[in-house]
There are 4 protein chains.
Amino acid sequence: MVVIRRQVRFDEVDAAGLVFFARYAAFAHEAMEAFFDGLEGGYVALITRRRVGLPAVKLESQFHAPLRYGDAFRVEIRVARVGGRSAVFHYRVVREVDEVLAAEMHHTVVTTDLDALRSIEMPADVRAALERG
Amino acid sequence: MVVIRRQVRFDEVDAAGLVFFARYAAFAHEAMEAFFDGLEGGYVALITRRRVGLPAVKLESQFHAPLRYGDAFRVEIRVARVGGRSAVFHYRVVREVDEVLAAEMHHTVVTTDLDALRSIEMPADVRAALERG
Amino acid sequence: MVVIRRQVRFDEVDAAGLVFFARYAAFAHEAMEAFFDGLEGGYVALITRRRVGLPAVKLESQFHAPLRYGDAFRVEIRVARVGGRSAVFHYRVVREVDEVLAAEMHHTVVTTDLDALRSIEMPADVRAALERG
Amino acid sequence: MVVIRRQVRFDEVDAAGLVFFARYAAFAHEAMEAFFDGLEGGYVALITRRRVGLPAVKLESQFHAPLRYGDAFRVEIRVARVGGRSAVFHYRVVREVDEVLAAEMHHTVVTTDLDALRSIEMPADVRAALERG
């Protein structure tokens with residue numbers, strides 16, 4: 001498990017005063033980038049130098065409790081499943097003031113050649129990171 | 001069914017050059033706001049004057065094909081189910097150049113008092129819009 | 001002059017309930033994209049096929065009156081100056097309910113080879129659009 | 001001077017592959033929020049409990065060098081001027097790999113009652129923070 005911690009930013013809420021639901025996918029992505037920090041050059045080099053990406057094919061989200069501006073939260077990312085070319089991440093977004101589970105997501109990604117936009121066998125270091133996960 | 005049409009904007013893509021997956025939820029929200037245009041004052045008055053919101057409790061997304069900068073797309077929104085305090089919207093995001101289904105979402109919302117942050121009975125005009133839906 | 005019209009979206013406000021100041025630059029960009037609709041393939045082809053961009057070197061903004069969720073507004077874009085490799089756009093963001101000037105911007109852009117990231121002579125069709133501007 | 005450090009995120013670039021110019025204002029806001037960490041409850045309490053905000057009335061930005069996905073950068077915030085109800089912040093956005101100045105901003109804010117949306121005398125703790133600044 002990898003964990004990131006931060007606060008809700010000033011521009012992450014919507015006109016109802018709550019974190020906009022689309023932002024949770026961005027929170028998940030931030031945690032996924034942190035998950036791959038152990039790769040050489042991290043997720044950045046994977047995308048920009050190796051041109052391998054992990055586009056989502058599925059994202060299932062449950063929203064249990066709201067987050068507001070300034071709320072401290074953490075995102076816990078775990079690997080739920082590793083396949084040949086795909087993997088499923090599981091995220092828990094926890095509001096830290098009361099340890100309430102704000103949201104939960106399952107995120108299926110496919111290792112993809114970003115130039116050809118075709119799925120590829122999972123690179124060995126990506127697989128190793130996921131299996132440690 | 002209600003349909004919105006537009007192009008992918010310059011800042012809606014990510015470092016892989018594809019529409020960032022979190023943006024699809026924002027596309028869905030744009031379509032949902034359009035869906036309620038028939039209410040007096042639309043979704044805006046619902047939120048700002050009546051203080052009734054439709055926060056998501058669940059969002060299930062499948063991503064089938066990418067969208068890129070400038071791609072024309074449409075979002076079709078239909079009502080899949082109406083309950084006492086909740087409803088499920090179904091969205092199809094279609095890339096218009098080739099009529100490929102880019103993404104599909106099911107979005108469960110709950111009618112909510114935005115001040116008390118508690119679920120409420122569905123207002124009559126909201127229900128009527130959903131039943132026509 | 002080219003004009004775009006739309007409403008403030010649900011996720012364009014901040015925790016103070018006003019349009020986040022960074023959004024105005026995005027509004028300006030939307031208007032600039034519309035300004036170049038007359039080019040073959042529009043601004044999209046300029047960026048993605050011709051790999052010519054118009055990065056900002058300067059942006060001066062004055063904010064006169066706030067915009068809120070749902071406010072209808074228009075962005076008027078005019079060309080204030082055309083140079084050899086640069087141009088200055090002038091924008092007026094007008095709140096339509098009362099015709100109040102919400103914001104004003106001056107935006108200096110430089111015609112740029114996006115692969116080499118070097119300034120280039122202004123392409124003839126870009127110049128022609130700016131001179132009609 | 002207060003400094004924040006982070007990397008460009010996956011979704012902060014645009015279709016040209018560079019950080020979208022509107023994002024720099026968001027970077028500035030992040031630094032300004034950090035600037036007020038010393039207030040009781042920080043900028044969050046100022047906005048949400050005390051209902052005092054610092055809306056921008058002017059923002060002047062120069063963009064000198066691009067940032068790309070993954071680039072580490074820092075934002076340095078200094079106070080350039082303190083008035084009765086207004087203050088001017090000066091920001092330097094520095095790309096850390098080569099210490100190049102990516103952007104510079106001057107940002108004029110006015111202490112504002114967020115309910116009445118009227119300028120107010122600067123609260124004493126805000127003034128003290130700015131004068132230390």
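Predicted model: local features only at pLDDT ≥ 70, side-chain atom pairs only at ≥ 80, totals over all residues.
Modeller: Residues are numbered from 1 along each chain as its sequence is written, chains are lettered from A and ligands numbered from 1 in the order in which they are written, and side-chain values use heavy atoms, with hydrogens and water left out.

Biologist: How do you know that chain A and chain B are in contact?

Modeller: Contact means heavy atoms within 4.5 Å. The contact takes 23 residues from chain A and 23 residues from chain B.

Biologist: What is the buried area between chain A and chain B?

Modeller: Buried area is the accessible area, taken with a 1.4 Å probe, that two parts lose on being put together, summed over both. For chain A and chain B that comes to about 2000 Å², with 71% of it on carbon and sulfur atoms. On the chain A side, F21(A), F63(A) and L117(A) supply 25% of the area buried against chain B, more than any other three residues.

Biologist: How many salt bridges and polar contacts join chain A and chain B?

Modeller: A salt bridge needs a side-chain nitrogen of Lys or Arg within 4 Å of a carboxyl oxygen of Asp or Glu. Between chain A and chain B the rule finds zero. A polar contact is a pair of N or O atoms within 3.5 Å; within protein, one must be able to donate a hydrogen and the other to accept it, and residues adjacent in sequence count only if both atoms are side-chain atoms. Four residue pairs between chain A and chain B are in polar contact, both residues at pLDDT 80 or more.

Biologist: Which element gives the most to the side of chain A that touches chain B?

Modeller: Helices (H or I, at least four residues) and strands (E, at least two) are DSSP runs, numbered from the N terminus. β3(A) gives the most to that side, with eight residues. By class, the side has 16 nonpolar, four polar and three charged residues. Here Ala, Val, Leu, Ile, Met, Phe, Trp, Tyr, Cys and Pro count as nonpolar, Asp, Glu, Lys and Arg as charged, and the others, Gly among them, as polar.

Biologist: What is found between chain A and chain D?

Modeller: 14 residues of chain A are in contact with 14 residues of chain D. The two chains bury about 1100 Å² between them, 65% of it on carbon and sulfur atoms. R9(A), F10(A) and Y69(A) supply 48% of what chain A buries there, more than any other three residues. Zero salt bridges are found across this interface, while two residue pairs are in polar contact.

Biologist: Why is one space called a cavity and another a pocket?

Modeller: On a 1 Å grid over the protein atoms alone, a cavity is a set of points where a 1.4 Å probe fits but cannot get out, whereas a pocket is an open set with protein on both sides within 12 Å along at least five of seven lines; lining residues have an atom within 4 Å of a point. The largest cavity has a volume of about 720 Å³. Of its 41 lining residues, the closest to its centre are R23(A), R23(B), D11(C), R23(C) and R23(D). The lining has 15 nonpolar, one polar and 25 charged residues.

Biologist: How many residues line the largest pocket?

Modeller: The largest pocket is lined by 31 residues, and R6(A), R9(A), R6(D), R9(D) and E30(D) lie nearest its centre. Its volume is about 740 Å³, where volume means the space filled by probe spheres set on the points, which are joined across faces, edges and corners.
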